[in-house]
Amino acid sequence: MTVATKPRPYKYVGTRPVRHDGLEKVTGKARFAADLNMTAQLHGAFVRSPHAHARIISIDTSKAEAMPGVKAVVTGADFPNLDIKHPEFDTAVNIMARDEALYNGHAVAAVAALSAKQAKAAAAAVEVHYEALPAVLTIEEALADDAPIANFKNRTLFTKDTEPSNLASINQFDRGDIAAGFAQADIIVEREFTTTAVHQGYIEPHACVADCGQDGKVTIWASSQGHFAVRSKTADSLGWSTDRIKVIPAEIGGGFGGKTTIYLEPVAALLSQKAARPVKLVMTREEVLRATGPAPATKIHAKLGATTDGTLTTLASTMYFDNGSTKGYSALTGAMSVASYKLPNLELHAIGTVTNTPRSAAYRAPSAPQAAFAVETLIDEIAQHLNLDPIELRLKNAVVEGDLTAMGVPHPKIGFVETLEAIKNSDHYNSPIPKGAGRGVATGFWFNIGEQSSATVNLNEDGTAAVITGSPDIGGSRASMALMAAEELGLAVDRITPIVADTESVGFTDITEGSRATFATGMAVVNACRELISELQQRAATIRGVDIEQVEWVDGTAQIEGQDPLSIAEITALAKKTGGPLTATASLNAAGAGPSFAVHVADVAVDEETGVAKILRYTAAQDAGTAIHPSYVEGQIQGGSVQGIGWALNEEYIYDSNGEMENASFLDYRMPVASDLPMIDPIIVEVPNPSHPYGVRGVGETGIVPPIPTLANAIADACGVRMTALPMSPPRLLAALNQRNGN
Amino acid sequence: MQRTHVNCTVNGDQVDFLATDDTSLLNALRDELGLISVKEGCGTGDCGACTIVVDDKINCACLMFAPEAEGLTITTVEGMALGEQLHPLQQTFLEGAALQCGVCTPGFLVAAKALLDRNPDPTETEIRYALAGNLCRCTGYDKIIRATQEAAVQMQTSKQRGAST
């Protein structure tokens, strides 16, 4: 279902062709990093800290080196020590511990051997002498007055502090006068919310192959959201120059933000250099859960005031986001995520903590879902107390173009009101609530980003085309690039081959993150196509012996008055005679990313005997700007929704008192399966972004923001229990129901 | 280390390979036979990315030892298309955008085919339970369920057409 604000003016953009990389994926031929094997390849294994916090006194690798098949061993001593102020200092420390193991699972050494089995045996033979140190595992423990220091190298960002601290960062955003705002309010609600760490849960564990030559140059095949970032982070971690590293992107088996950073590549490169053979590193699922990026655990105190007509006057909130062992994902964006409402008076404190748990990483709209849980729950309570429709209350306070975000930047053209109205007018919202169930609504915001992208478009001899970019395709972006190129060139989508090229074959391109690939890399593709069209017009003029001014480009052909049109194929066939091959390249640092809003509604039944919350119906509306390939826009909305549903209802990190993760498997870290869910009905709202040639906003992230409060609000409606701690799993919901019943 | 000589049928071909007793069938299929569609997502039978058909029943290849394959008939997604013709499920997955990253896709296709082979007209609930052993983190399952429903309809229709001619 699509709610378009105007008739679609495009021939290809907005259609649903079969994706170009699809065939390889349904026939099992697609090569992900773990599927690649090189001649004379070795296999690696890690030694990981069994302590949540320890000083590494010594590491003896001699026994391991003498084991059968072992070709190289590396420890922290093999890596350069970066300056503490280096932007990749924390990444480098997380990749390989130096003198301090910062969490249970932190890599302290790695081995390469002829077989994976030999490598594993040798890793077990590495002797590490630790001195266990006191650890802090939670936000409360990190903030305690007498708290031990979790990481002696941590200094607090955005402060002048030079001493080690358990604070990663401190931010504050203010506007208006909160004392006056609360005085003006007729109703004030205030609660504290807690959420645990959750994992991105990509099905493909981290993997790479590195092949370092005797010249010191390395080729790395990597599964990542950005191979240029793999190159730069590997270079920084090793102190190598960029030209020594070539990164070839493999297919990526899910990322969701978690593959914007690196864990393996510098280790594989160093092992390969030492052994002078290719080295493959593949994490186990247990390693993925114990040592790669969860989204931060949070503790959020929020207080919201409104007048009786439903005008929100004031929000005061202190948000703690646990970064884990080193600075990971900051609390900053969590605070920004409350940008959906006019709220004249605002005081937001965003504080990052450091604990002896895995370093956090970006996870789809990082930090926004936790913040939305708090704010959207309080808004729901206000609507309930004032007996107002929750959508009407939000419409009354919704930001429009020119209103300020929490950071004080005015919103550009946005579609929040249109998205709220799409749910308000939806069949779901206008249907009766199933007997015994409750209904919840909530909204989400993500600002999206632009950043740097490059694209090359080559026309083949027969007039078909290759579109080459540097953006790893994590959810159908190759199809989007081909659709935009098709629209520009007037060439059928199946005559265009979209390619993700390595770091030496295409211009620099930032990570596929911030919902930017279709927006920013798409703009580079469009610019390259437009340059190519100018050249095609010039060639047509040459062929026909007319002035270029007489050549018009219409629907994939050069039109010259009084003459037959020339197709791309006719022009490329004569390329040799008119100036050579037809190719164009464009690079840009994209500005004007369009913020995206989502509004979700869910009907939920609560089983009072078991505490199971069952979703009966779920509808998700989101402003896509323009949906380039609507099926994959729907897929982003549906996938984001279900990750949010898992976060809300089941997923959590459970540590024992020594900081060892107790549920480091997919059996015990319970992600949603098909039988847990209903269909997720997507509604694409299209309020085009004026800063993009086709109006793209970027759709990857916003969908994960509303589900947590949507389900919490539905549960409150169903059984009168306000859940303020995640996950809202059966034991917790049952406990809350018992408390409600006075048991 | 001593290795066992294993003979079995894989995707219709008689094959043999050598494997140590502690080699998983998953690793043997990938490393000895080059069947890279069989993915390791967890190694503990929880994600279904290595779902294969073993003598008409679906199994996680990571939960079997390679020597256990002796004499068995195994099908992976590499054996699903009929020559130049994709299986209807492969086609509906493509057309219905039922994959994003694609790493779980082979396991889903194998599990969905096993379902339709034994139950040609499943309800949505039956599909959801039949695929509950396969994790997908990208799609939210919606389009996978719909593509399976669509393939069931197409297979029923072509069967009826075949019967009426």
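The structure is a predicted model, in which local features need pLDDT of at least 70 and side-chain atom pairs count only at pLDDT 80 or more, while totals for chains, interfaces and linings use all residues. Residues are numbered from 1 along each chain as its sequence is written, and chains are lettered from A and ligands numbered from 1 in the order in which they are written.

**Domains of chain A**

- Chain A is assigned domain 1 (2–30 + 450–590), domain 2 (33–365) and domain 3 (367–444 + 594–740); such bounds come from an automatic or database domain assignment.
- The C-alpha centres of domain 1 and domain 2 of chain A are 37 Å apart.
- Between these two domains of chain A, 14 residues of domain 1 are in contact with 17 residues of domain 2. Two residues are in contact if their C-beta atoms, placed from the backbone, lie within 7 Å.
- The side of domain 1 of chain A that touches domain 2 of chain A has 6 nonpolar, 4 polar and 4 charged residues. Here Ala, Val, Leu, Ile, Met, Phe, Trp, Tyr, Cys and Pro count as nonpolar, Asp, Glu, Lys and Arg as charged, and the others, Gly among them, as polar.

**Domains of chain B**

- Chain B consists of domain 1 (4–78) and domain 2 (88–164), with C-alpha centres 22 Å apart.
- Their contact takes 13 residues from domain 1 of chain B and 11 residues from domain 2 of chain B.
- Strand β3 (residues 51–54) of chain B gives the largest share of the domain 1 side, 3 residues. Helices (H or I, at least four residues) and strands (E, at least two) are DSSP runs, numbered from the N terminus.

**The largest nonpolar core**

- This core has 299 residues, of which V111(A), A485(A), L711(A) and I715(A) touch the most other members. A nonpolar core is a set of buried Ala, Val, Leu, Ile, Met, Phe, Trp, Tyr and Cys residues joined through C-beta atoms within 7 Å.
- A residue is buried if 20 or more other C-beta atoms lie within 10 Å of its own, exposed if 12 or fewer, and partly exposed in between, with C-beta atoms placed from the backbone.
- Apart from neighbours within four places in sequence, the contacts of L711(A) include G440(A), A602(A) and M728(A).

- Strand β21 (residues 465–469) of chain A is largely enclosed by the rest of the structure, because 4 of its 5 residues are buried.
- Strand β20 (residues 451–459) of chain A pairs with β21(A) in the antiparallel sense over 5 bridges; two strands pair if DSSP finds at least two bridges between them.
- β21(A) runs parallel to strand β22 (residues 496–500) of chain A, joined by 5 bridges, and A465(A) stands opposite I496(A) in β22(A).
- In strand β6 (residues 107–113) of chain A, 7 of 7 residues are buried.
- β6(A) is antiparallel to strand β2 (residues 42–48) of chain A over 6 bridges, and to strand β4 (residues 70–75) of chain A over 5 bridges.
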